[in-house]
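Me: I have a model open and would like to understand the words used to describe it. Could you take me through them?

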Amino acid sequence: MLNRDVIMITSRQIRAYLEAKPFRPFRLFLSDGSRHEVPHPEFAWVFGSSVFAGVAGDGTRQPDLYAKELSLLHVTRIEKVSARKSK
């Protein structure tokens with residue numbers, strides 16, 4: 001049975017966040033409870049039904065671990081990240 005209360009996140013919505021001027025960092029939440037930060041527009045790429053979210057390197061990871069493939073079907077919401085205040 002299809003739940004009509006479920007709102008699907010689309011590639012168009014994610015692209016709108018990525019192309020916003022000025023860009024505001026955001027967070028993608030997935031159905032498994034994980035979340036993925038997008039601090040800069042170059043940290044996410046939308047291809048077909050997937051979003052590739054970049055992971056900041058720390059010098060210890062293998063190069064193939066610098067991006068995670070996320071299925072759009074599992075993205076449950078997008079949340080803007082508020083700017084941190086400087087001390």
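Predicted model: local features only at pLDDT ≥ 70, side-chain atom pairs only at ≥ 80, totals over all residues.

Me: Let's start with Ser50. What makes a residue count as one that Ser50 touches?

Reply: Contact means heavy atoms within 4.5 Å. Leaving aside residues up to four places away in sequence, Ser50 touches Trp45, Glu69, Leu70 and Leu72. Residues are numbered from 1 along each chain as its sequence is written, and side-chain values use heavy atoms, with hydrogens and water left out.

Me: Is Ser50 buried or exposed, and how do you know?

Reply: Buried means under 20% relative accessible area, exposed over 50%, and partly exposed in between (1.4 Å probe, protein chains only). Ser50 has 10% relative accessibility, so Ser50 counts as buried.

Me: Which strand holds Ser50?

Reply: Ser50 lies in strand 4, residues 50-54. Helices (H or I, at least four residues) and strands (E, at least two) are DSSP runs, numbered from the N terminus.

Me: How do you know that strand 3 and strand 4 pair?

Reply: Two strands pair if DSSP finds at least two bridges between them. Strand 3 and strand 4 have four bridges, in the antiparallel sense. Trp45, for one, has Phe52 in strand 4 as its bridge partner.

Me: Why are strand 3 and strand 5 called edges?

Reply: The open sheet has the order 3-4-5, with antiparallel pairing. Strand 3 (44-47) and strand 5 (67-71) each have a single partner strand, so one side of each is left without a neighbour in the sheet. Neighbouring strands here are turned by 20° against each other on average, direction ignored.

Me: What packs on this sheet?

Reply: Helix 1 (residues 11-19) does, touching strand 3 and strand 4; its direction makes about 150° with that of strand 3. Axes are lines fitted to C-alpha atoms, for helices over the stretch in contact, and angles run from 0 to 180 degrees between N-to-C directions.
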